[in-house]
Amino acid sequence: MLSQLDAAQLRRQRTTVESFPAAGTRAVRVAGGRELIDFSSNDYLGLARHPGLAAAMGECAARTGAGSGASHLVTGHGSEHALLEEELAAFTGRERALLFSTGYMANLAVMTVLAGRRERVLLDRLCHASLLDGARLSGAAFRRFAHADSSAASELAAADPGHTALIATDGVFSMDGDLAPLPQLARIARAHDAWLVVDDAHGLGVLGATGGGALEVCGVKPEDAPVLVGTLGKAFGSYGAFVAGSATLIELLIQKARTYIYTTALPQPVAAVTRQALKLAQSESWRRERVLALTARFRRAAAAAGVVLSGSTTPIQPIVLGSAATALAAQRSLAEAGFWVVAIRPPTVPQGAARLRITLSAAHAEAEVDELVACLARACADAARGAA
Ligand SMILES: Cc1ncc(COP(=O)(O)O)c(C=O)c1O
């Protein structure tokens with residue numbers, strides 16, 4: 001099995017971050033003894049290494065200890081969790097929010113609780129693996145509609161009226177950076193009396209005037225997207241995830257979601273960090289403006305340099321190169337030039353659509369973006385020639 005992965009250039013490697021350069025919160029990591037500018041993390045707002053967050057973790061750990069010791073329903077639920085849930089509910093404009101240890105677990109929870117045997121769920125073809133795995137685990141029949149194609153979703157819903165329990169989609173797609181057609185999907189869900197589940201792992205904190213994410217940008221109100229999943233390890237620079245929605249939805253998840261009930265609660269210091277991050281994400285709107293301005297700068301410069309871009313205007317900028325070998329060669333050549341940009345290969349993306357997934361962060365400097373673009377066109381062209 002491993003040799004097959006090697007032959008197809010699909011074996012994944014971990015690279016260890018050895019340290020961070022002493023100076024400040026730049027998006028630079030030391031790996032293999034070299035400083036590399038990180039253009040692959042999801043730290044969109046540049047909060048992951050914010051000294052205030054590290055301080056909040058230490059201060060809380062001194063009060064509560066490092067671990068929570070039990071699940072939320074036993075003795076693991078603490079006041080930092082409770083306060084964070086209230087703050088997340090207020091931030092998203094929902095009645096309640098429920099913390100999960102990871103986004104993966106939050107999505108398994110939502111899918112398994114809201115859909116069951118003899119029902120159907122509809123999923124965007126490119127939605128995150130955890131939504132798909134949740135659909136499988138739910139026992140419902142699931143159908144996938146063409147990416148971001150609301151007409152296809154509508155046809156599937158109409159083909160079996162009365163049986164669609166939910167429609168699930170990413171808000172911002174993790175490997176493509178584009179937005180789901182949320183207003184249209186909301187209308188279809190309403191027409192079929194189905195839940196609309198929006199996993200906005202990559203939009204919350206980043207998009208919209210208040211950081212309300214893809215729903216805010218698309219003008220979709222909470223009542224039209226009743227199940228919102230957010231993750232806390234990306235724009236919020238922390239760890240964990242949440243589901244936000246009505247009080248009834250959250251109570252149902254507390255009672256029924258196995259990935260909530262049968263697992264140790266997130267450590268309180270992590271919740272304390274997220275509370276700080278949420279405050280910063282709201283009060284320091286310059287972070288959002290900066291990452292979007294850097295994204296626009298990247299796109300202008302890359303287009304001028306002849307790099308083929310997708311239509312994404314979010315900080316996720318895919319450069320689709322085709323084969324795994326070509327994408328890996330481009331990754332190597334950028335690493336030699338001092339940039340950490342990871343090749344994303346099947347099965348994370350479809351066959352023939354291996355890519356560099358470049359992500360922008362408020363922690364990047366303008367000059368770093370310009371330098372990346374200067375190397376990118378050459379790296380892609382060299383990689384394509386080498387693979388031919
Ligand atoms: C769209 C989306 N949903 C969910 C997840 C899972 O979140 P977590 O890393 O918190 O498990 C990710 C990525 O990790 C993601 O990209």
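In the predicted model described here, an oxygen atom of the ligand lies 2.7 Å from an N or O atom in the side chain of lysine 234, a polar contact (a pair of N or O atoms within 3.5 Å). A nitrogen atom of the ligand is 2.5 Å from a polar side-chain atom of aspartate 199, and a polar backbone atom of tyrosine 104 is 3.0 Å from a ligand oxygen. The protein covers 80% of the 380 Å² of accessible area that the ligand has on its own, as computed by the Shrake-Rupley method with a 1.4 Å probe. The model is a predicted one, in which local features need pLDDT of at least 70 and side-chain atom pairs count only at pLDDT 80 or more, whereas totals for chains, interfaces and linings use all residues. Residues are numbered from 1 along each chain as its sequence is written, and side-chain values use heavy atoms, with hydrogens and water left out.

The shell around the ligand comprises 13 residues, of which Gly103, Tyr104, Asp199, His202 and Lys234 come nearest; a residue belongs to the shell if one of its heavy atoms lies within 4 Å of the ligand. Helix α5 (residues 103-114) supplies the largest share of this shell, three residues; helices (H or I, at least four residues) and strands (E, at least two) are DSSP runs numbered from the N terminus. By class, two shell residues are nonpolar, eight polar and three charged.

An open sheet of mixed pairing is formed by three strands in the order β1-β2-β11, where paired strands share at least two DSSP bridges. Both β1 (28-31) and β11 (339-340) stand at the edges with a single partner strand each, so one side of each is left without a neighbour in the sheet. Four bridges join β1 and β2 (residues 34-38) in the antiparallel sense, and valine 28 has isoleucine 37 of β2 as its bridge partner.

The structure contains 16 salt bridges, each a side-chain nitrogen of Lys or Arg within 4 Å of a carboxyl oxygen of Asp or Glu. In one of them, arginine 120 meets aspartate 160, with the closest N and O atoms 3.7 Å apart. Arginine 120 lies in strand β4 (residues 120-124) and aspartate 160 in the loop between α7 (150-159) and β6 (164-170), so the pair ties together parts that are 40 residues apart in sequence. Arginine 120 is buried at 10% relative accessible area, whereas aspartate 160 is partly exposed at 26% (buried, under 20%; exposed, over 50%; partly exposed, in between; 1.4 Å probe, protein chains only).

Methods: Polar contact = N/O pair within 3.5 Å; in protein donor to acceptor, adjacent residues only side chain to side chain. Nonpolar A, V, L, I, M, F, W, Y, C, P; charged D, E, K, R; others polar.
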